[in-house]
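Here is a friendly tour of one protein model, written for someone new to reading structures. Have a look around first, and then we will go through some of the details together.

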Amino acid sequence: MMAPPTTAGSADGRAERFRALHVPGAPLLMPNAWDIGSAVLFAELGFEALATTSGGFAATRGRADGTMGRDEVLAHAGELAGAVTVPVSADLENCFADDPEGVAATIGAAAAAGLAGGSVEDFTRRGDDPIYERAHAAERVRAAAEAAHQAPGGFVLTARAENYLHGRVDLADTIARLQAYQEAGADVLFAPRVVDPGELRMLLAAVDVPVSVLVVPGAPTVGELAELGVSRISVGGAIAVAAYGAAINAVTELRDQGTTGYWDLAAAARPVMGAAFSR
């Protein structure tokens with residue numbers, strides 16, 4: 001059963017605002033929130049759009065990435081979209097369906113839940129065969145794009161080529177996939193873990209719609225990505241994991257050393273949280 005839509009729809013112009021923020025050479029910095037508090041905090045800090053994170057959300061339920069169901073993810077993403085006034089784009093994994101019809105249903109429900117955008121992956125969720133065959137993957141994107149572009153308030157569709165996340169370091173195939181997804185109607189293209197400047201130049205030159213990049217250790221800086229012509233920068237689940245890392249360090253310090261150095265970080269965070277959460 002699909003999650004019910006929220007009252008905060010993208011009919012308020014958020015989808016078009018989100019689309020307009022994708023400017024090659026002036027990349028949108030889009031942090032990934034994992035709960036209402038982080039979403040409100042990031043919006044208060046001036047970020048113009050936010051994303052969700054499948055792994056970060058799963059962690060709030062004490063579960064591993066990839067184990068949340070469609071209804072749970074849609075309800076969570078709609079909750080975040082309703083908590084802020086900036087556009088929110090949902091990490092919808094593979095849209096919880098192998099078939100194009102199921103993909104379209106997920107995109108339609110995401111738009112109805114108030115999301116300004118969302119993504120569809122070509123990851124099958126099967127370890128022995130992790131990437132959909134290219135033609136089938138493109139048909140899934142086509143169905144997603146049709147649902148996105150028919151949504152009453154609009155919806156910005158990001159199509160993801162997952163090769164590099166699953167041991168298939170094949171730039172030629174990745175580019176061919178992104179070209180097929182562009183042809184199928186995707187608004188934004190994303191190939192996580194493609195960060196080598198030379199590879200990014202080739203990828204960017206091969207497509208005509210905005211490209212998002214996941215920043216990881218060793219990736220070009222934000223300024224360097226801007227010079228390459230990137231339109232959007234994501235952090236994936238890394239900030240959520242870092243927050244858990246800070247908690248682990250704090251309780252480990254308390255247990256093993258009996259000291260409270262974590263209060264320095266708490267003291268720095270408290271006024272920012274106070275301002276964000278008192279509105």
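Which side chain does R142 meet in a salt bridge? The partner is E139, with 3.6 Å from N to O.

## Before we start

This is a predicted model, in which local features need pLDDT of at least 70 and side-chain atom pairs count only at pLDDT 80 or more, while totals for chains, interfaces and linings use all residues. Residues are numbered from 1 along each chain as its sequence is written, and side-chain values use heavy atoms, with hydrogens and water left out.

## Salt bridges

Side chains of opposite charge can pair when their charged atoms come close. A salt bridge here is a side-chain nitrogen of Lys or Arg within 4 Å of a carboxyl oxygen of Asp or Glu. By this rule, the model has 14 salt bridges.

Let us go back to R142 and E139. Both residues sit in helix α6, 3 residues apart, which is about one turn of the helix. (Helices are DSSP runs of H or I with at least four residues, strands are runs of E with at least two, and both are numbered from the N terminus.) R142 has 30% relative accessibility, so this residue counts as partly exposed, and E139 is also partly exposed, at 39%. On this scale, buried means under 20% relative accessible area, exposed means over 50%, and partly exposed lies in between, using a 1.4 Å probe and protein chains only.

Another salt bridge joins the side chains of R126 and D98, at 3.8 Å from N to O. R126 is in the loop between β5 (117–121) and α6 (134–150), and D98 is in the loop between β4 (88–90) and α5 (100–112), so this pair ties together parts that are 28 residues apart in sequence. R126 is partly exposed at 35% relative accessibility, and D98 is partly exposed at 39%.

Are D122 and R177 buried or exposed? D122 is buried, with a relative accessible area of 1%, and R177 is buried too, with 5%. These two form a salt bridge whose closest N and O atoms are 3.4 Å apart. The pair links distant parts of the chain, with D122 in the loop between β5 and α6 and R177 in helix α7 (residues 171–183), 55 residues apart. Both belong to a network of salt bridges that links D122, R134, D173 and R177.

## An aromatic pair

The structure holds 1 aromatic pair. Its members are W34 and F42, arranged edge-to-face, with 6.0 Å from centre to centre and 70° between the planes. (Rings of Phe, Tyr and Trp, the last by its six-membered ring, pair if their centres lie within 6.5 Å; planes under 30 degrees apart count as stacked, over 60 as edge-to-face and the rest as tilted.) Both W34 and F42 are buried.

## A space inside

How many cavities of 30 Å³ or more are there? The count comes to 1. A cavity is a set of points on a 1 Å grid over the protein atoms alone where a 1.4 Å probe fits but cannot get out, and lining residues have an atom within 4 Å of a point. Grid points are joined across faces, edges and corners, and the volume is the space filled by probe spheres set on the points.

The largest cavity holds about 40 Å³ of space. Its lining is made up of F190, A191, V194, L200, L203, V211, S212, V213 and L214. The elements giving two or more residues to this lining are α8 (197–206) and β8 (211–214), and β8 provides the largest share, 4 residues.

Methods. On a 1 Å grid over the protein atoms alone, a cavity is a set of points where a 1.4 Å probe fits but cannot get out, and a pocket is an open set with protein on both sides within 12 Å along at least five of seven lines; lining residues have an atom within 4 Å of a point.
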